[in-house]
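Please go through this structure with me, asking at each step what a given label rests on.

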Amino acid sequence: MLQRATTALLLATMVVAVGCSAHTHVVGSGAQEWRGQSERQWYFLAGLAPINDVDTEAMAEGIENYEITTEQTFVDGLIGVVTLGWVTARTVTVTK
């Protein structure tokens with residue numbers, strides 16, 4: 001019983017901690033209108049092999065000033081926990 005509780009607590013902690021990581025790149029003067037577009041980037045084997053590419057330049061649609069934020073949301077962390085790390089994801093958002 002104690003082992004199950006410890007495992008559940010560890011998994012819950014991992015899901016919550018993963019949601020805290022984010023990084024923002026500012027291109028030009030940064031976002032001007034706060035319109036955003038998000039796509040999920042998928043990885044296999046805990047991030048060792050990318051499954052798809054996210055084209056941030058196409059998401060920016062030719063605008064010179066924008067921000068790119070890459071983060072692991074709660075859903076992204078949950079995907080990694082449910083698949084035991086075989087498939088992971090991160091969310092890429094371009095804000096114009």
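Two strands count as paired if DSSP finds at least two bridges between them. The model discussed here is predicted.

Q: What makes β4 and strand β5 (residues 87-95) a pair?
A: Pairing requires at least two bridges, and β4 and β5 are joined in the antiparallel sense over five bridges. Within this arrangement, Glu71 stands opposite Thr91 in β5.

Q: How do you know that strand β1 (residues 22-27) and β4 pair?
A: The cut-off is again at least two bridges, and β1 and β4 have six bridges, running in the antiparallel sense. Here Val26 stands opposite Glu67 in β4.

Q: Why is strand β4 (residues 66-71) called mostly covered?
A: A residue is buried when its relative accessible area is under 20%, and five of the six residues in β4 are buried.

Q: Why is Asp53 called exposed?
A: Exposed means over 50% relative accessible area, and because Asp53 has a value of 70%, the residue is exposed. Asp53 is placed in the loop between β3 (49-50) and α2 (56-60), and together with Glu39, Asp55 and Glu57 it forms a negative surface patch.

Q: Why is Leu45 called partly exposed?
A: Partly exposed covers values between the buried limit of 20% and the exposed limit of 50%; Leu45 has a relative accessible area of 36%, and is therefore partly exposed. Leu45 lies in the loop between β2 (36-44) and β3.

Q: What makes up the nonpolar patch on the surface?
A: Phe44, Leu45, Leu48, Ile51, Leu84 and Trp86 form this patch, and together they have about 690 Å² of accessible area.

How values were computed:
Residues are numbered from 1 along each chain as its sequence is written. This is a predicted model: local features need pLDDT of at least 70, side-chain atom pairs count only at pLDDT 80 or more; totals for chains, interfaces and linings use all residues. Side-chain values use heavy atoms; hydrogens and water are left out. Patches are made of residues with over 30% relative accessible area and no salt bridge: like charges are joined within 9 Å, nonpolar side chains (Val, Leu, Ile, Met, Phe, Trp, Tyr) within 5 Å. Accessible areas come from the Shrake-Rupley method with a 1.4 Å probe; for residues, only the protein chains shown count as cover. A salt bridge is a side-chain nitrogen of Lys or Arg within 4 Å of a carboxyl oxygen of Asp or Glu. Lys and Arg count as positive and Asp and Glu as negative; His and the chain ends are not counted. The place of a charge is taken as NZ of Lys, CZ of Arg, CG of Asp or CD of Glu. Helices (H or I, at least four residues) and strands (E, at least two) are DSSP runs, numbered from the N terminus. Buried means under 20% relative accessible area, exposed over 50%, partly exposed in between (1.4 Å probe, protein chains only).
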